[in-house]
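Let's take a walk through this protein together, from its overall build to its pocket. Have the structure open as you read.

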Amino acid sequence: AVLQNRLSKLGGTLLWAWYAGKLAQPHAPKPLLRPHAAMALGLAVVGGCCAVLGLTSSGLALQLVMAASGAAYGFTDSGCIMLSLWLWRDDPRRQRGCVALTSVFFTGGAFITPMLVAAALHYLSQTIWPAFHAIALVALLTALLLVRLPSPMPSRKPCLLYTSPSPRDGL
């Protein structure tokens with residue numbers, strides 16, 4: 001299940017790259033989902049997966065939940081970084097600060113989550129669902145707040161790297 005989660009995270013990362021590339025194309029049509037709404041959807045998937053994870057004893061359900069949560073995590077992980085870069089495109093110092101802060105929060109979540117599960121197992125008579133349901137609640141509340149935020153859009157200028165003449169053009 002862990003390998004499925006990691007491979008799905010790679011798929012989610014590639015999905016964000018495709019989505020962001022579509023948004024950045026010059027003359028791109030209005031997206032079906034704004035970036036913050038797309039990320040909120042990813043967080044809602046993670047929240048739903050955590051809710052199921054807390055109650056399931058099925059191996060198949062575990063595999064499906066791990067795959068779905070991995071894809072959503074890959075999508076939102078890449079999205080957080082990219083939105084920080086788009087929002088502060090004119091201020092590299094703020095870009096670095098936001099990317100670092102995002103990394104701190106991801107690291108904090110990776111640190112706190114196992115402690116929540118361990119505490120639930122230890123103090124709640126080997127019961128883990130309260131930990132996963134608490135994580136699900138945080139993810140769903142964050143998704144509700146995230147969908148209300150205005151989304152920064154990428155710069156849709158043609159990239160100078162591809163439009164400037166190359167010294168090799170004359171060869």
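A contact here means heavy atoms within 4.5 Å. Among the contacts in the protein with a separation of 6 or more, 71% are accounted for by residues 24 or more positions apart.

A word on the source: this is a predicted model, where local features need pLDDT of at least 70, side-chain atom pairs count only at pLDDT 80 or more, and totals for chains, interfaces and linings use all residues. Residues are numbered from 1 along each chain as its sequence is written, and side-chain values use heavy atoms, with hydrogens and water left out.

You will find six helices and zero strands, with the elements running α-α-α-α-α-α from the N terminus on. Helices (H or I, at least four residues) and strands (E, at least two) are DSSP runs, numbered from the N terminus. Along the principal axes, the C-alpha atoms fill a box of roughly 75 × 30 × 30 Å.

Of the 171 residues, 30% are buried, that is, under 20% relative accessible area with a 1.4 Å probe, protein chains only.

Now for the largest pocket, which holds about 1,600 Å³ of space. Its lining counts 44 residues, and the closest to its centre are Leu43, Tyr73, Phe105, Phe106 and Gly109. A pocket is an open set of points on a 1 Å grid over the protein atoms alone, where a 1.4 Å probe fits, with protein on both sides within 12 Å along at least five of seven lines; lining residues have an atom within 4 Å of a point. The volume is the space filled by probe spheres set on the points, which are joined across faces, edges and corners. Helix α4 gives the largest share of this lining, 13 residues.

Technical notes: Buried means under 20% relative accessible area, exposed over 50%, partly exposed in between (1.4 Å probe, protein chains only).
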